[in-house]
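The sequence and structure are shown first.

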Amino acid sequence: MAEPTPIGIIGGSFDPIHNGHLALALVCLESGAAGRVLLVPAAQAPLRAVPAATPEHRLQMCRLAAAGDARLEVCDLEVRQRRAYTVDTLARLAKIYPGRRLALVIGTDLLSELAQWRDVPGILARARLLVVARGGDRQVKIPEWIKQHRGELEHIPADTPPISSTLVRSALAAGDPIDELVPAAVAEYIRRNRLYPPRQCR
């Protein structure tokens, strides 16, 4: 019997979730590297600034973005904690999905930062890495520290859009449209709930 396709995991602040996040997920699904993808918003990512939107708003935006694609699922494990670490989340997911392989999905732009995360050997022992190109970066060099820890890394040479949550928030602050940056339902949710209001001119 063939081994089940891994469950892909995309974590982060999702402040807000945008089309770049969804492109990462779709590349993994369409390439066959993952059979389903979990979006795991964090209440407070350890290496990031405090999010502008509340965990509840960011969780709901993720749910709206994932709606309509049965291969996408939103996981609230980290939202329920003040601060969560990826290694602990992977351990919890292994209990929720016993016998399933896990794959941590990141963009090439985050690969160097991964070395700063808590318990890298523990992360690599619990999940393989799916590294997807961001913004035309189609090459990846496997860092020595991944080789030293015998981590599994698969590079998917797609070309996902160079969108960031910072870009979306900057557009909103300037009063610019975001319809090409985020799903329509997310844009409407932001407008309806008056998230990320434009800066007032002085």
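## Aromatic and charge–ring contacts

In this predicted model, the number of aromatic pairs is 0 under the rule applied. A ring does take part in a contact with a charged group: the charged end of Arg-118 sits over the ring of Tyr-85, at 3.8 Å from the ring centre.

## Nonpolar cores

The largest nonpolar core comprises 41 residues, and the members that touch the most others are Ile-17, Met-61 and Ile-178. Helix H1, residues 19–31, makes the greatest contribution to this core, supplying 6 residues.

Leaving aside residues up to four places away in sequence, Ile-17 is in contact with Leu-22, Leu-39, Met-61, Cys-62, Ala-65, Val-182 and Val-186. There is also a second, separate core of 23 residues, with Leu-90, Leu-102, Leu-129 and Leu-153 among them.

## Ala-91

Ala-91 belongs to helix H3, which spans residues 86–96.

In sequence, 32 residues separate Ala-91 from Ile-123, while their C-alpha atoms lie 8.9 Å apart in space.

## The largest pocket

The largest pocket holds about 950 Å³ of space. Its lining consists of 43 residues, of which Gly-11, Gly-12, Ser-13, Arg-48 and Leu-110 are the closest to the pocket centre.

Two or more lining residues come from each of strand E1 (7–12), H1, H3, strand E4 (102–107) and helix H6 (165–173).

Note on methods:
Residues numbered from 1 in each chain as written. Predicted model: local features only at pLDDT ≥ 70, side-chain atom pairs only at ≥ 80, totals over all residues. Heavy atoms only, no water. Core = buried A, V, L, I, M, F, W, Y, C linked by side-chain atoms within 4.5 Å. Buried < 20%, exposed > 50% of the residue type's maximum accessible area, 1.4 Å probe, protein only. Helix = DSSP H or I, 4+ residues; strand = E, 2+ residues; numbered from the N terminus. Contact = heavy atoms within 4.5 Å. Phe/Tyr/Trp six-rings, centres within 6.5 Å; stacked < 30°, edge-to-face > 60°. Lys NZ or Arg CZ within 6 Å of the ring centre and 35° of its normal. 1 Å grid on protein atoms, 1.4 Å probe; cavity = no way out; pocket = protein on both sides within 12 Å on 5 of 7 lines; lining within 4 Å. Points joined across faces, edges and corners; volume = space filled by probe spheres on them.
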